[in-house]
Amino acid sequence: MQAIVKAKRAPGLTVTTVPKPTPAPGEVLIAVRHAGVCGTDLHIADWDAWAQGRLKPPLVVGHEFAGEIVAMGDAVAGLTTGQLVTAEGHIVCGHCLQCRTGNGHICKNTRIIGVDRDGAFAEYIVMPATNVLPLNGIPTQVGAVMDPMGNAFHTVLTAEIPGSTVLVVGCGPIGCFAVGIARAAGAAKVIASDVNATRLALARRMGAHVTVNAATDDVVRAVLDETGGEGADVVCEMSGVPSALHQAFAAVRLGGRVQLLGLPKGEVAIDFANEIIFKGITVYGVIGRRMYDTWHQMRRYLTAGLLDPTPVITHRFPLNKIDEALAAIRSGDAGKIILEIA
Ligand SMILES: [Zn+2]
Ligand SMILES: [Zn+2]
């Protein structure tokens, strides 16, 4: 089968032919139709310090996908061939303290497809049946972005949203999803900030009431003006940029909540007393998707038509155009990019 492979310990990705996998007991074989390209894939292609410390090439990359079940190993219950599905790409151990207390998203033994084992940028992938989620009528194009959209659902819906003022800091694809989710969940006002006008336009399209260009305007001032001087009830920090992190803490109201998803490149100096403690705020770190609360919530929002995430998907490429797909991410103007595989 055709696949995109990290072939060796060096920059670049290779489109090549690899053996088609076969499902072991408890696994299903999925013919991939659409796959999402993300920043993680860019780190792997560029072979940065994180990738060098984590990956053991050769392996098939890619972790966001949807497709059709075409074969099943023994002992698989509740799924059928022909079903259109997506899957949680974090394969967890099921027996650590976190897994056994309903916190599999922070399992200490997590293995990620396309990072620690063969991934989804291929014609076929095998997945543990326990990780598979039937799409129930959601198109595979949307199914392919439910992994990153799930991060946005996790970020937004672990805060109290109905009637709240929500600030989304950073309008990359996950930030734009977060804007749409906050609207769908009943936020009274959604304010979005970024330094890129194209991304801010996408945030408006996803339902942001107010957008602020952080390159030219004072984000904190704008949020205070929009909230009668109180600040935002909930801030979703999706950028990881140090200046934006400080804006997030400054713009949240006393007693409010800051959801941290964006990953800073290194250490960030925080004034704990003034930015967190004296404000009495709650800070929540977002990693992955809650298993499987987030997936079920997300599927209900999508099948009920509460949220249309498709405007965020701005580019589509065939599998063999992965270099063009990565270049589009590097440009900084792209929303979500998907590969059309079958
Ligand atoms: Zn991703
Ligand atoms: Zn575990």
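Analyst: **From a loop to the helices**

Tryptophan 47 sits in the loop between helix H1 (39-46) and H2. Helices (H or I, at least four residues) and strands (E, at least two) are DSSP runs, numbered from the N terminus. This is a predicted model, where local features need pLDDT of at least 70 and side-chain atom pairs count only at pLDDT 80 or more, while totals for chains, interfaces and linings use all residues. Residues are numbered from 1 along each chain as its sequence is written, and chains are lettered from A and ligands numbered from 1 in the order in which they are written.

Back to tryptophan 47. Its phi is near 55 degrees, a positive value in a residue other than glycine. Most residues other than glycine have a negative phi, and most peptide bonds are trans. Tryptophan 47 counts as partly exposed because it has 18 C-beta neighbours inside 10 Å. The cut-offs are these: with C-beta atoms placed from the backbone, a residue is buried if 20 or more other C-beta atoms lie within 10 Å of its own, exposed if 12 or fewer, and partly exposed in between.

Alanine 75 also has a positive phi, about 60 degrees, although it is not a glycine. Its loop runs between strand S5 (64-72) and strand S6 (84-87). Alanine 75 has 10 C-beta neighbours inside 10 Å, so it counts as exposed.

Now the cis bonds. Proline 57 and proline 58 are joined by a cis peptide bond, with omega about 0 degrees. Proline 58 belongs to the loop between helix H2 (49-54) and strand S4 (59-60). Another cis bond runs from methionine 291 to tyrosine 292, with omega near -5 degrees. Tyrosine 292 is in the loop between strand S16 (282-285) and helix H11 (293-303).

Lysine 20 is also a loop residue. Its loop joins strand S2 (14-17) to strand S3 (27-37). Lysine 20 has 14 C-beta neighbours inside 10 Å, so it counts as partly exposed. Leaving aside neighbours within four places in sequence, lysine 20 is in contact (C-beta atoms, placed from the backbone, within 7 Å) with Met1 and Tyr124.

Next, the helices. Which residues of helix H7 (residues 197-205) are buried? They are Arg199, Leu200, Leu202 and Ala203. Seen down the axis of H7, these buried residues fall within an arc of 155 degrees, so they line one face of the helix. The arc is that of the directions from the helix axis to the C-beta atoms. Their cover includes helix H6 (173-184), strand S12 (189-194) and strand S13 (210-213). Just after H7 comes glycine 207, with a positive phi of about 115 degrees.

In H8, the buried residues are Val219, Val220 and Val223. Viewed down the axis of H8, they fall within an arc of 95 degrees, so they line one face of the helix. Arg221 and Asp225 are exposed on the other side of H8. The buried residues of H8 pack against strand S11 (165-169), S12, S13, strand S14 (232-237) and H9. Glycine 228 follows H8 and has a positive phi, near 60 degrees.

How do H8 and H9 meet? The axes of helix H8 (residues 219-226) and helix H9 (residues 242-251) come within 9 Å and cross at roughly 25 degrees. Axes are lines fitted to C-alpha atoms, for helices over the stretch in contact, and angles run from 0 to 180 degrees between N-to-C directions. H8 and H9 are therefore roughly parallel to each other. Angles under 35 degrees count as roughly parallel, over 145 as roughly antiparallel, 65 to 115 as roughly perpendicular and the rest as oblique. H8 passes H9 in a right-handed crossing. Right-handed says that the near helix is turned clockwise from the far one by less than a right angle, and left-handed that it is turned anticlockwise. Val219, Val220 and Val223 in H8 meet Gln247, Ala250 and Ala251 in H9. By class, this contact has five nonpolar, one polar and no charged residues. Ala, Val, Leu, Ile, Met, Phe, Trp, Tyr, Cys and Pro count as nonpolar, Asp, Glu, Lys and Arg as charged, and the others, Gly among them, as polar.

Terms used: Two residues are in contact if their C-beta atoms, placed from the backbone, lie within 7 Å.
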